[in-house]
Every structure is written in structure tokens, then in C-alpha cells.
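Hi,

Here's the structure I promised to pass on.

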Amino acid sequence: MIVRRRWTAAATTAILISAALSHPGSAAAAPAPAATPITLAATETALVRVQLRDQAQLDRLVATGADLANRPRARDGRILADLVLTGAQLADLTAQGATATQIVQRAGDGSRHFADSVRAAQARTAAGLRAPGTGQRTTAAVGVDTLAVQQAYWWTTGGQTFLQAQVATTATDDPDVEITVSWRTADGTTGSFPLYRFEDSGEYQYHYNLPQPMPSRPVQLTATSSLGGVSRAVTPALWPNATPPPLPAGYQKDFIDAYLTPVDIQARIKRLARQYRDLVDVIDLPNKTQGYRRNAVAYLGDPAVSAVVVESVRFGDQGMNGVQVRAVDPGRPNRPLTVGYRDRVLTVTLATDAAGKTVSTTDDVAAAINARQANRFRATVEDGSTGLPMPVAGPARLDDGLQGTEVPAKPWTVQALRLGVHRDGSRVGVLAYSQEHAREWATPLVTLEFAERMLANARTDPATRQLLEQVDIFVIPTVNPDGANYSFNDYNFQRKNLVNHCTGPARDPRYRTSWGVDVNRNYTVGSYFDGYVGASANCLSGSYAGTAELSEAESGNVIALAKAHPNIKFAMNVHSYGGYFMWPPGAYRADGRITLPRPSIDESTLFLNSARRIVGAIAQERGTVTWPSQTGPVADVLYSAAGNSADQLYYELGIFAWDFEVGNDRWNPATGEWEGVGFQPPFDEAHGESQEYAGGLVELVRVARDHAAEAATG
């Protein structure tokens with residue numbers, strides 16, 4: 001029996017707190033940040049990489065619901081976190097000792113990059129790891145503690161060689177243990193770098209650092225600790241040490257030439273179905289989404305002084321945009337509070353006393369509207385206006401606030417492409433799905449580039465044709481079209497869908513960019529509702545889990561597709577950004593950091609070996625390498641993500657389910673720093689991501705084919 005229990009708000013933030021990277025004395029030891037201070041206008045919003053003062057500052061950010069884009073990282077003793085911040089919030093952090101190191105993306109950048117991508121496309125047209133089985137766990141007890149080298153990998157990208165190491169000490173309860181890695185290259189060059197302690201959910205995991213630049217291939221690595229522990233010398237292994245088959249002459253790719261809105265994606269799906277009738281089915285998924293719609297709303301009064309929020313029960317596009325609301329003085333003494341609606345005007349006539357003075361409060365007015373016009377309107381007292389006198393006000397015009405005039409407002413039918421020669425369930429199935437999170441604009445570019453490659457090359461490349469003979473492919477380019485439409489047209493940092501489950505003061509329009517459900521926290525396995533960490537009951541949180549498991553149409557569609565096609569045995573959920581390659585378990589309970597059950601040894605081996613193949617395929621495009629420290633189970637390499645889709649696909653439906661986080665950090669040799677690319681990078685970067693990760697999806701299809709062939713032969 002599953003015992004369901006609700007966690008406190010503090011417990012739901014544990015996931016982000018657990019992502020903190022700390023090192024004793026790091027605040028004092030950190031090098032001075034570079035030159036020109038980075039600032040924002042007070043009301044400007046941006047995605048900012050921030051060097052935090054210390055662990056306590058990160059904990060406070062998490063407790064107040066900060067929008068952390070990915071797991072904070074250690075760099076030379078500093079805690080670096082990517083945060084969506086306003087200028088006022090950044091100024092406050094700076095005053096508390098934090099320092100902005102990079103503006104990853106400004107609020108207006110998404111629209112500019114989208115427009116740039118469209119112009120570029122028009123011009124072009126006109127012109128014509130941490131996982132079991134690595135075999136690298138080497139220990140030696142020399143001193144008080146024992147050290148285990150969990151990872152030691154090297155690779156070359158962009159002409160630069162990098163080394164990454166991960167080492168664990170047996171002195172797990174000592175926060176002051178310092179570990180240093182010493183290395184040697186084949187020509188005898190030596191050097192060293194420090195590792196930093198990583199704790200998760202209050203429990204020590206290991207010491208690590210970001211990939212370090214090397215003069216050439218390292219051939220030996222040794223770790224030492226401040227307690228006297230010394231590891232055995234190990235030889236760093238090549239990562240990922242896997243290469244896909246070469247592309248044949250004439251192989252067709254590069255089908256992506258602009259960012260794509262849900263409307264664009266819908267048109268492309270239709271075009272592919274028409275162009276490749278023998279290889280494509282279009283599946284209308286069963287649950288229509290809300291659509292690009294919101295309730296119409298207005299402030300009755302001045303929110304800076306005293307106001308009531310009046311909202312239509314129906315959506316704005318259903319005849320409620322433009323309705324007016326007003327509060328009037330009857331001009332006579334001893335009049336009762338009344339509410340009437342006529343000719344698209346809601347009139348609140350305020351109560352008066354014997355002297356003819358209005359005496360209605362904001363609470364009185366909200367209650368009267370709810371009691372007498374409940375079929376048309378709902379009203380709440382504006383946050384901060386409770387019990388205040390209601391002023392004569394209006395008329396104010398109700399409006400849904402949506403800016404996307406070219407976006408259809410009706411409920412949306414999410415569509416999937418089904419690709420293959422035999423689309424009857426007789427072949428092993430692979431599911432690729434993207435844009436669960438609205439602001440991740442590059443992700444549908446990956447899945448659509450993948451789909452087009454498979455279809456276009458099926459007619460000219462025998463190897464691709466054979467894959468489509470052997471594998472049944474399903475692609476959902478945009479799981480969350482409503483949120484995506486809102487991200488493109490209204491607020492580019494929108495993460496969630498558009499369904500507003502908030503009640504009371506949280507429905508105040510000032511919170512409009514925080515409404516919605518995190519689709520990838522709304523699934524049933526390892527969910528918030530079962531006590532797992534990494535989602536929230538707060539409707540304004542970026543990781544809001546919804547009112548119940550699978551409460552949202554978007555999450556229901558993914559599971560409905562998988563259940564309707566039991567031949568699907570492999571799946572890839574495409575997210576951005578940060579450069580991760582992950583698999584279950586993706587969630588744990590905070591008490592004792594108890595994860596969902598670990599895969600068996602055989603399954604873990606399949607996950608890791610397949611990851612090496614796919615990471616190798618990604619690297620073929622432009623040399624991008626997903627770090628070994630960011631390759632592994634979600635709960636180990638990223639954070640606990642309660643109620644995510646990969647866990648449900650794996651544990652409930654028996655599907656080998658992975659997650660991409662496309663958009664790897666780029667090495668800046670001038671600064672010696674890894675720099676983030678953001679959710680909506682300039683299109684050249686997004687285009688590069690589409691090309692390399694589409695290659696990764698093609699390799700996933702080969703993995704599925706090979707696994708099915710092995711299973712068939714016993």
C-alpha cells in the first residue's frame with residue numbers, strides 16, 4: 001500500500017538546497033571576480049550566472065522560491081548558480097555579497113533571437129558520469145581517511161583537452177576535508193587542482209570540480225586529502241570512447257533554419273505527413289490542452305492603495321475581454337451594497353451611511369460580487385488591500401493580457417509523428433518528446449531535425465531505410481504548446497503550462513508570469529504526492545506539481561501515447577539547458593535520501609553503455625562532449641525531480657527512459673571559464689544544438705535496434 005502524505009513547503013525546497021556545492025573557507029579563498037560589474041535595470045529580468053557568497057545565501061534563495069535554472073556548480077571554491085532574476089533581486093543579492101559573473105540571457109533576448117532566426121531562414125531560402133560498472137573505483141588507505149577515485153576521464157573538444165575527476169573520502173562527516181588531484185601527461189608535465197565537497201540532501205556524496213584544461217592527454221592521476229589519505233595512481237580513461245558509424249556520402253541533414261513556435265511545428269507536422277505518406281502517421285493525442293487562453297481580469301481600484309481583483313469565470317476570448325467593471329457612489333444616504341450586470345458592464349453600487357458617505361470595504365465588495373454574479377465573475381481582495389475602504393473606481397476593462405494575436409485561442413490538440421515502414425506495433429518502439437518546459441525553445445528543433453533526417457534519408461541511405469524497417473519511432477515535438485505560445489509571445493522565461501490552479505490572493509495579476517503547472521512534476525511515480533522531493537504545492541512555484549498526479553492534459557498525453565503503444569521500449573525526454581545525459585532514478589525522499597529503486601546491474605550497464613554511444617554521436621557534430629559528471633541517474637547528477645516523466649515510463653511501463661539537457665556550457669579560453677548558453681540562445685547556438693542532439697537521437701534508434709536483435713537471439 002502506498003501511503004500518501006503532504007510535505008511542508010520547507011521540505012519541497014530541499015531538492016534545491018541539496019544541490020548546493022560547498023567548500024570550507026571558500027568565501028575567503030575565492031579569487032576576485034572580473035572587471036566590470038554586471039547590473040540590470042530594477043524591473044529588467046534576466047537569466048544570470050551568479051557567484052554566491054556562501055552556502056547560507058543559496059539556502060535563503062531556495063527557501064524564498066528562487067528560479068534556479070540547473071544545479072549550482074563549484075569552480076575554484078565558488079558556488080555558481082544560474083538564476084532568473086529581476087534587477088532589484090540582483091541588486092539585493094549583490095548587497096549581500098554575491099557577484100554576477102555572466103548575463104546568460106535577458107528577458108528580451110528570446111524574441112530577438114526568434115526574429116533573427118526567422119530573418120536568417122528567409123535569407124537562406126532566398127539564396128537557395130557517475131554510474132556502476134565504470135571499473136575506476138581505486139582506493140588506498142594512507143592516513144586517517146581512505147580515498148576512492150570514482151571517475152577519472154579525459155577528452156578533447158575544440159582543440160583543448162580536459163580532465164574531470166571525482167573522488168570520495170571515507171571521512172564523510174568531516175566538512176573540512178580538502179582533496180587535491182595531481183596529474184601527469186605523457187611528456188612528463190605535471191599539475192594539480194582542488195576538488196570541492198558535494199552534499200545532496202544533507203548527505204556527503206563526493207568531491208569534484210568542473211572539467212579542467214590540460215596541456216595534453218593525462219596519463220596518471222592521484223588524489224590526496226588534508227587528512228593524509230592518498231589514492232592509488234590511476235590512468236584517466238578516454239570519454240566517451242564510442243564513435244557512431246560514419247555518415248554516407250550525400251547524407252541529408254540541417255533541416256532547421258529558425259526557431260519554431262507551436263503553430264510552426266503544427267504546420268511542419270502536416271507537411272511531413274503529406275510529403276512522406278508511406279512512412280508517417282500523425283497521431284492526435286487524446287487530451288486537448290487549455291489552449292492559449294486566460295480569464296479576463298481587471299483591478300477595480302488602485303492596487304497601490306486599495307483594490308479588488310475582478311476576474312471572468314470564462315476565458316477572455318469567450319466574450320469576456322472588454323467587459324467593464326466599476327464601483328459607484330449612489331449619491332444617497334442609507335443605501336445597501338448592490339451588484340448588477342448589464343450591457344457588458346458590472347456595476348457595484350457602494351453602501352452608504354446616514355450621512356451619505358460610502359462605507360463598503362474591499363472585502364464587502366469581493367463577497368458581494370461572488371455571491372451575486374458567481375456565474376460570470378469571481379473576485380478577490382488585492383493582496384495588501386484586505387479590510388480597506390473601497391473607493392469609487394472605474395470603469396476598468398477586463399482583459400486576458402495575452403499578446404499573441406496570431407495564436408489560435410481554442411483548446412490545442414497535441415500531435416505526435418509516427419515514423420517507420422512497419423507502424424503496426426511489430427517492431428521495437430522509440431519515443432522522443434520535447435518542450436515539456438515552455439521556455440526550452442531549442443528542444444523541438446532537436447526532435448524535428450531528427451524526424452526529418454530519418455524520413456529524408458530513408459529514400460537515399462540504405463542504413464537509414466533499414467532502421468525504419470526495424471524500429472517504430474514516435475516523436476512529440478511540443479508537449480506543452482500553450483506554455484510555449486506564452487513563452488514566445490508574452491514572457492519568454494515561462495516554464496509551466498497555462499492552467500491556473502491558484503486561489504485567493506495568488507490569482508492577483510501581478511503573479512501572472514508565475515501561474516501554471518510544471519508538466520515534468522505532474523507524473524505518478526516518485527511524485528510530490530507520495531512524499532518525494534523536487535516539486536512544490538505552491539501554485540506560484542516553478543516546480544508546482546499540480547492539484548494531483550496527471551492532473552494536466554500535457555502529462556496525460558505522454559503517458560497515453562506510451563500505454564497505447566506497448567512496443568515502445570526506449571524513450572528520450574529532451575530538455576535544456578546545461579549538457580546532461582540522465583536516466584532513472586530521478587527522485588528520492590528527503591529523510592535518508594532514499595531514491596526510487598536502482599536499476600539492476602544489467603539495466604545499469606545498458607543505461608551507461610548506451611549513454612556512451614549516444615554521447616559519442618553527439619560529439620561527432622561539433623565536438624561537444626557531455627561531461628561524465630553530468631552523465632548518470634537524475635538523482636545523482638542533477639537533483640531530485642519528483643513526478644518526472646522518465647521515472648513513470650521506466651518504473652510503471654518498463655521503458656528504458658533517458659533525459660537530455662541540451663545546450664552544454666561552452667569553454668571560454670580567454671576567461672578560463674565555462675559559460676552557460678541559456679534557454680533561448682542566439683539561433684546559431686540553438687541550430688548547433690539541434691544538429692548534434694539529433695545525431696544522438698539517431699544513435700538511440702540504433703541502440704533500440706541492437707537491443708531488440710539481441711533479445712530476439714537470446
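Strand β17 (residues 306–315) is joined to strand β21 (residues 377–381) by five bridges, and the two run antiparallel. Across that pairing, Val-308 stands opposite Val-381 in β21. Asp-302 has Ser-306 of β17 as its bridge partner. Eight of the 10 residues of β17 are buried, so the strand is largely enclosed by the rest of the structure. (Buried is under 20% relative accessible area, exposed is over 50% and partly exposed is in between, with a 1.4 Å probe and protein chains only; strands pair if DSSP finds at least two bridges between them; helices are DSSP runs of H or I with at least four residues, strands are E runs of at least two, both numbered from the N terminus.)

Before you go further: this is a predicted model, where local features need pLDDT of at least 70, side-chain atom pairs count only at pLDDT 80 or more, and totals for chains, interfaces and linings use all residues. Residues are numbered from 1 along each chain as its sequence is written, and side-chain values use heavy atoms, leaving out hydrogens and water.

There's also an open sheet of four strands, ordered β19-β20-β18-β22, with mixed pairing. Its edges are β19 (338–342) and β22 (393–397), each pairing on one side only. Five bridges hold β19 to β20 (residues 345–349) in antiparallel fashion, with Tyr-341 partnered by Leu-346 of β20. Helix α9 (residues 362–372) lies across β19 and β20, at about 50° to β19 (axes are lines fitted to C-alpha atoms, for helices over the stretch in contact, and angles run from 0 to 180 degrees between N-to-C directions).

On to the helices: α10 (residues 443–457) and α11 (residues 462–470) pack at about 110°, axes 8 Å apart. They are therefore roughly perpendicular (65 to 115 degrees; under 35 is roughly parallel, over 145 roughly antiparallel, the rest oblique). Arg-453, Met-454 and Asn-457 of α10 meet Thr-464, Leu-467 and Leu-468 of α11 (contact means heavy atoms within 4.5 Å).

Last one: Asn-644 sits in the loop between α15 (634–637) and α16 (645–653), and is buried at 4% relative accessible area. Polar atoms of its side chain lie 2.8 Å from the backbone oxygen of Ala-641 and 3.1 Å from the backbone nitrogen of Ala-646. Leaving aside neighbours within four places in sequence, Asn-644 touches Asn-520, Tyr-523 and Gly-586.

Cheers

Definitions and conventions
A polar contact is a pair of N or O atoms within 3.5 Å; within protein, one must be able to donate a hydrogen and the other to accept it, and residues adjacent in sequence count only if both atoms are side-chain atoms.
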